[in-house]
Protein chains: 2
Amino acid sequence: MLKFEEISPSDFFYRNKEIAGFENPTKTCYTIVRELVENSLDSCEARRILPEINIYVKNMEEMGEEKEEQKINIRVEDNGIGIPSDKAPFAFGKILYGSKFVLKQHRGIFGLGGKMAVLYGQITTNMPFKVITATMDTKYIHYYEMFIDIVKNQPKIVRYEKILNKEMWHGLIIDFNFMGNYKGAKKKIIEYLFQTAIIVPYMQLLYVDFEGTSLFFERKVSSMPPEAKEILLHPKGVDLEMFKRLIKLDSHLPVSKFLCKRFQKIGIKTANDILNLAGISSNIKVGRLKDEELQKLYSVMKSYPFKRPDAKALSPIGEYMKIGIDAMFKPEFISFDQREPSSYEGHPFIVETAVAYGGRIPIPQNNEINLYRFANKIPLIYDSYNDVSMKVIKDINWNAYKINIYQEPIAFFVHICSTKIPYKTLGKEYIANQPEIYKEIELSIRRNARNLSAYLNKKKFMEYQKVR
Amino acid sequence: MLKFEEISPSDFFYRNKEIAGFENPTKTCYTIVRELVENSLDSCEARRILPEINIYVKNMEEMGEEKEEQKINIRVEDNGIGIPSDKAPFAFGKILYGSKFVLKQHRGIFGLGGKMAVLYGQITTNMPFKVITATMDTKYIHYYEMFIDIVKNQPKIVRYEKILNKEMWHGLIIDFNFMGNYKGAKKKIIEYLFQTAIIVPYMQLLYVDFEGTSLFFERKVSSMPPEAKEILLHPKGVDLEMFKRLIKLDSHLPVSKFLCKRFQKIGIKTANDILNLAGISSNIKVGRLKDEELQKLYSVMKSYPFKRPDAKALSPIGEYMKIGIDAMFKPEFISFDQREPSSYEGHPFIVETAVAYGGRIPIPQNNEINLYRFANKIPLIYDSYNDVSMKVIKDINWNAYKINIYQEPIAFFVHICSTKIPYKTLGKEYIANQPEIYKEIELSIRRNARNLSAYLNKKKFMEYQKVR
Ligand SMILES: Nc1ncnc2c1ncn2[C@@H]1O[C@H](COP(=O)(O)OP(=O)(O)OP(=O)(O)O)[C@@H](O)[C@H]1O
Ligand SMILES: Nc1ncnc2c1ncn2[C@@H]1O[C@H](COP(=O)(O)OP(=O)(O)OP(=O)(O)O)[C@@H](O)[C@H]1O
Ligand SMILES: [Mg+2]
Ligand SMILES: [Mg+2]
């Protein structure tokens, strides 16, 4: 008799932690730092607080113990908005719980990252993790020592203290131990922090490890981009399930009002136009639509030429990409392009790319390509080969631009920002081959390629002139 | 005020379906076929039934409609053990529910695949899926038409019928519609079926699509490997969380009896040896161990030289790999190697590799490598670049063997079977860079490389002799 059972989400991710970026002690080290830094940056940006982040990595092994896998302590402190004390245990103790399931651009998306980090510490060291937090303008700082109950997917608090918040501090400190291979991960961790500092120039970050490394990324600008606003879904590409779910929330509204309320880029005029094409009266209550009417409405909306989405939920890098590339490589040429907002499955997104040439850019080795990828202002350091950006670059016929991308000092930079980045993996290593996103990256890269081609032609012509 | 919420596992996978292999309409088509075929094979192997699987793919669009994304109907029929009627709605209607969370080798592992397939159909067509099933020797066939309630993660039955099972049929039929790009996926689907037929020679499979393709893979052998047995965890690499979970199940047992009961390769002698090293009395009830005692015991077990794991839970391909490679390529040379069972994190695994040369093996293009990968008898067709096998092959210095793997007609074959394959992705595209598995693949590939090198030397020597 086969044993049928249901497992909790925490049990699922405990059993399959490779799926979340925890595949070996080296990668784990990197993933833990990444998840915690991204949480801190999201927290500061949520209220336009200039981020101040401190990261401390300590070796917890006894002196003289030089092993590949060591007991490490990590402590990340930020000055963000903290977590309300009743929510804090769940924020780190309940998998698939968080504040980022709304339609807005953040780094967080899954409700998983912070939990996986502390879970890994728990299963490798049997020690509780500490969360110390205070929200803005609150009287107390809350100190929690916890475990995750993996079978039941809920926090287990082993110690709690309420401390008077005399200095009106706000933010979050997370502190826990885990077994990891820090030496193997260090280079990539530093690369990640370095690239983050470039595209988040308003961040200040201190990084201190137990090998004597102390990095201070100072703030380069004191202004922050406008806060990303929560927005409505764009109607293009919304699937039937989401459609039906939204209808349930507003079943008493007349269908025309429902369309205006729940989607961006639909005003009363557009709504009536759509309903005309679908043969549906605009006054009928949307919850009363029959199945065939729903299908007809859905199929009309699928091919309706809606205006481009509102970008106010998005926070692109913009000109800072050029400034950052210049600081990194001092190239002789940079072409930067930011696309108009587009959307896929209802989610607005903006693609920004740059192509740079010369300066300190190295000529690629081993058939590789210098590709720097970013998503929602997170640098993606692993697995570029399968990323949609890499596919675009490899699919382009570069002969048409008279550029040999494998043998010239060229670097590509791609940033995608969206209310949902279609990551292929839960470790956020690379982005799936999503058709609309592929198209936008291709159009943007091609524009930069034309500019580079023109520059190189002109350069060759000038040199030819000199020679004559 | 930030909105904190918990989402259900079904809502999580609905929102993040790219994570599960549903990243675009082409890949989706492939993933759906894969998930259903793997479920059918698991079902037949569960009771050593010679598999008979029929797959029908129909075009549901109106005539003359040639679109890239079409409404497709898929129907997969098998003669497996079916699902008991009270469990069937949850097997396809509740995410993270299944019968494969036990310690045995199956293709299924996540409790997700079948659900994701029907979920995709539901969100793209708004139509219910059909499951028709009967278990062995039962009077009735059960017919269900269902949806998944994505918010609540439970099935919604819209129609049920009980039919007299006059012909004592057993097995399962799954039938549903989805929007997909079949033309784009066809080649990879057929490749997948073709490779499956090679390593599962006792399977009979019929595949009929709407483009006139009709493939019949006939059974090559009528004997099946022994049924995989459910086994105990191997003590090497078991983490503290699992350790504590097992203790909870047997807290009243004396610790020596607990060790013997819950782990393979621990008899009473080994148990007492371990407890001696840990300074723990063998009669103390395991639930009564203090935290420091637990840590000491765990750390002793971590470095204890246990015997290799029991392989009776595993079902390697064995000699059939050579037969299959020969049928595929007619190479002039094949070297096959099956490693002894090893384990990682308590899970036993066996690596089998082969290296073949010449015959119909093509010389690789574009810096690629001919690598065929399999895991628990599933062919892995996508994303080889990041797979642990590919890493092993690229990390080896082939000059030492005087072999140029990029310019000679060489093909590599790697099969890993385990009670848990450490997939890097939920779409089971490739395997994570897990250190113990990496080592075993490397040792096995190197053994075959030495054999190939010897053969090529001898061949060159013979040709040299002829020339003189
Ligand atoms: N440093 C922090 N400051 C404030 N809130 C935080 C911090 N870290 C985590 N949180 C809160 O805890 C929640 C859960 O964090 P977690 O990293 O597990 O998921 P997430 O960030 O929502 O998504 P993802 O899995 O993609 O990272 C967040 O949504 C946020 O509300
Ligand atoms: N064709 C089938 N015959 C018999 N049982 C089946 C069949 N298909 C699915 N099942 C049952 O339904 C359960 C759920 O299947 P599902 O594919 O969702 O998950 P899984 O196979 O357990 O894991 P994975 O997500 O890795 O495929 C299985 O564990 C099995 O018990
Ligand atoms: Mg997070
Ligand atoms: Mg399955």
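## Helix packing and chain build

In this predicted model, helix 11 of chain B and helix 12 of chain B are oblique to each other, because their angle is neither under 35 degrees (roughly parallel), nor over 145 (roughly antiparallel), nor 65 to 115 (roughly perpendicular). Local features need pLDDT of at least 70, side-chain atom pairs count only at pLDDT 80 or more, and totals for chains, interfaces and linings use all residues. Residues are numbered from 1 along each chain as its sequence is written, and chains are lettered from A in the order in which they are written.

Two packed helices are described by the angle between their axes and the distance between the axes. Here the angle is about 55° and the axes are 9 Å apart. The crossing is right-handed, meaning that the near helix is turned clockwise from the far one by less than a right angle. The table lists the residues that meet, where contact means heavy atoms within 4.5 Å.

| Helix of chain B | Range | Residues in contact |
|---|---|---|
| Helix 11 | residues 388-395 | B:V388, B:S389, B:K391, B:V392, B:D395 |
| Helix 12 | residues 435-467 | B:I437, B:Y438, B:I441, B:E442 |

By class, this contact has five nonpolar, one polar and three charged residues.

Chain A has twelve helices (at least four residues each) and 16 strands (at least two). Its C-alpha trace spans about 80 × 70 × 60 Å along the principal axes. Buried residues (under 20% relative accessible area, 1.4 Å probe) make up 61% of the 468 residues in chain A.

Methods. Heavy atoms only, no water. Axes fitted to C-alpha atoms, helices over the stretch in contact; angles between N-to-C directions. Nonpolar A, V, L, I, M, F, W, Y, C, P; charged D, E, K, R; others polar. Buried < 20%, exposed > 50% of the residue type's maximum accessible area, 1.4 Å probe, protein only.
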